[in-house]
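Dear colleague,

I am handing over the structure we spoke about, and below it I set out what was found. Please look through the structure first and then read on.

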Amino acid sequence: KHRMKRRKLDNMLTQNSKLVVKGYSLATDHGLSFKVLPESSPKASRSIQLMNYFRIPEGWRVVKASDVDFERIRKLVITRYSWGTDFLHIRDGYKFKCFYSKGSKRPGIAH
């Protein structure tokens, strides 16, 4: 399972944010970064992921559906990149909701 993460809690994604792929993360011009765990490049078409446990790196947190900028994250980060998977897990209260990535037939749509 891939879980979307973000770094720099005080920054938000804006319509004017420029996104650049940097290794296994997607960075903005104002210091905000996104990645999935287990790690996979934003441009990876497919990756083999095992159901292994992983730790969230210090300074990162899980993207939440309740984030003020989540709609922009959905449109600019989830929908436009494949992340090596068909869908990403986003925290929604006490549960996780899955959103299809670019690699699927329905990018950005929750299931």
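Accessible areas here come from the Shrake-Rupley method with a 1.4 Å probe. On that basis the protein chain exposes about 6700 Å², of which carbon and sulfur atoms supply 51%. Please keep in mind throughout that this is a predicted model.

As for the overall fold, the secondary structure of the protein chain comes to one helix and seven strands, and these follow the pattern β-β-β-β-β-α-β-β when the chain is read along its sequence. The protein chain has 111 residues, and 43% of them count as buried.

Turning to the aromatic side chains, the structure holds two aromatic pairs. One of these is formed by Phe70 and Phe99, which are arranged edge-to-face, with 5.2 Å from centre to centre and 65° between the planes; the angle counts as edge-to-face because it is over 60 degrees. This pair links distant parts of the chain, since Phe70 belongs to helix H1 (residues 70-78) and Phe99 to strand S7 (residues 95-100), with the two phenylalanines 29 residues apart. Both Phe70 and Phe99 are buried.

There is also a charge placed over a ring, in that Lys35 lies over the face of Trp60, at 5.0 Å from the ring centre.

How values were computed. Residues numbered from 1 in each chain as written. Predicted model: local features only at pLDDT ≥ 70, side-chain atom pairs only at ≥ 80, totals over all residues. Heavy atoms only, no water. Phe/Tyr/Trp six-rings, centres within 6.5 Å; stacked < 30°, edge-to-face > 60°. Helix = DSSP H or I, 4+ residues; strand = E, 2+ residues; numbered from the N terminus. Buried < 20%, exposed > 50% of the residue type's maximum accessible area, 1.4 Å probe, protein only. Lys NZ or Arg CZ within 6 Å of the ring centre and 35° of its normal.
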